[in-house]
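Please look over the sequence and the model shown below. The briefing that follows goes through the fold, the surface and a handful of residues.

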Amino acid sequence: MSSSNKKPSDAELTQQYNQYKNELQSLAQKIGELESEVEEHKLVIDSISPLEPERKCFRMVGGVLVERTVKEVLPALETNYGGIQQVIQSLLQSYKRKEQEFMEFQKKHNIQVVSRQ
């Protein structure tokens with residue numbers, strides 16, 4: 001990389017700018033996917049919670065549909081639900097940090113976005 005005394009070229013700045021934008025976009029996409037998954041988990045949990053514990057249900061495990069009971073599946077679903085929510089929170093924090101870095105990068109190099117119409 002360039003030394004701290006040397007000002008980065010326009011091409012380097014453009015590359016860094018695009019890298020920040022791509023990282024933010026991929027983080028946002030992953031957060032969206034996980035939020036969709038968490039909604040699915042919540043829907044299934046809400047659907048099977050009122051059922052009797054011995055009732056059979058089916059669960060997809062590694063692409064294979066297996067027969068279980070509600071009392072076996074519900075704790076696993078709740079654990080997965082909580083885990084996904086934690087990952088979403090972690091990704092949101094990463095997104096905010098990366099967004100702050102991006103804003104500081106723009107200020108430091110006096111980058112202003114011109115909207116195209």
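**Helix 2 and its setting**

Helix 2, covering residues 70-108, is built from 39 residues and stretches 56 Å from its first C-alpha to its last, close to the 57 Å expected at 1.5 Å a residue; that expected span is 1.5 Å times one less than the number of residues in the helix. Helices (H or I, at least four residues) and strands (E, at least two) are taken as DSSP runs and numbered from the N terminus. The model is predicted, so local features need pLDDT of at least 70 and side-chain atom pairs count only at pLDDT 80 or more, while totals for chains, interfaces and linings use all residues. Residues are numbered from 1 along each chain as its sequence is written, and side-chain values use heavy atoms, with hydrogens and water left out.

**Overall fold**

- The protein chain contains two helices and two strands, and read from the N terminus these elements follow the order α-β-β-α.
- With a radius of gyration of 22 Å, well over the 13 Å that the globule rule gives for 117 residues, the protein chain is more spread out than a compact globule; the radius is taken over C-alpha atoms, and the rule is 2.2 Å times the number of residues to the power 0.38.
- Taken along the principal axes, the box filled by the C-alpha atoms of the protein chain is roughly 70 × 30 × 20 Å.
- Among contacts (heavy atoms within 4.5 Å) in the protein chain between residues at least 6 apart in sequence, 62% join residues at least 24 apart.

**Surface and charge**

- Of the 117 residues in the protein chain, 23% are buried, where buried means under 20% relative accessible area, exposed means over 50%, and partly exposed lies in between, using a 1.4 Å probe and protein chains only.
- The protein chain has an accessible surface of about 9100 Å², and carbon and sulfur atoms account for 50% of that surface; the areas come from the Shrake-Rupley method with a 1.4 Å probe, and for residues only the protein chains shown count as cover.
- There are 16 positive and 17 negative side chains in the protein chain, with the centres of the two sets 6 Å apart; Lys and Arg count as positive and Asp and Glu as negative, leaving out His and the chain ends, and each charge is placed at NZ of Lys, CZ of Arg, CG of Asp or CD of Glu.

**The two helices against each other**

- Helix 1 also has 39 residues, and reaches 57 Å from its first C-alpha to its last, close to the 57 Å expected at 1.5 Å a residue.
- The buried residues of helix 1 include L13, Y17, Y20, L24, L27, I31, L34 and V38, and helix 2 is part of what covers the buried residues of helix 1.
- In helix 2 the buried residues include V73, L74, L77, Y81, I88, L91 and K98, and their cover includes helix 1 (10-48), strand 1 (56-61) and strand 2 (64-69).
- An α-helix has 3.6 residues a turn, so residues three or four places apart point the same way.
- H41, found in helix 1, counts as buried at 15% relative accessibility and, not counting residues up to four places away in sequence, touches L77, N80, Y81 and I84.
- I84 lies in helix 2 and is buried at 10% relative accessibility; with residues up to four places away left out, I84 touches L34, E37, V38 and H41.
- Although I84 and I31 are 53 residues apart along the chain, their C-alpha atoms are separated by 10.0 Å.

- T69, in strand 2, is buried at 16% relative accessibility, and beyond its neighbours within four places in sequence T69 is in contact with P53, E54, R55, K56 and C57.
- V70 lies in helix 2 and is buried, with a relative accessible area of 3%.
- Leaving aside neighbours within four places in sequence, V70 is in contact with I48, L51, E52, P53, R55, C57 and P75.
- V70 and S47 are 23 residues apart in sequence, and their C-alpha atoms are 11 Å apart in space.

**After helix 2**

- N110 is placed in the segment after helix 2 and, at 60% relative accessibility, counts as exposed.
- Phi of N110 is near 50°, a positive value in a residue other than glycine.
- Most residues other than glycine have a negative phi, and most peptide bonds are trans.
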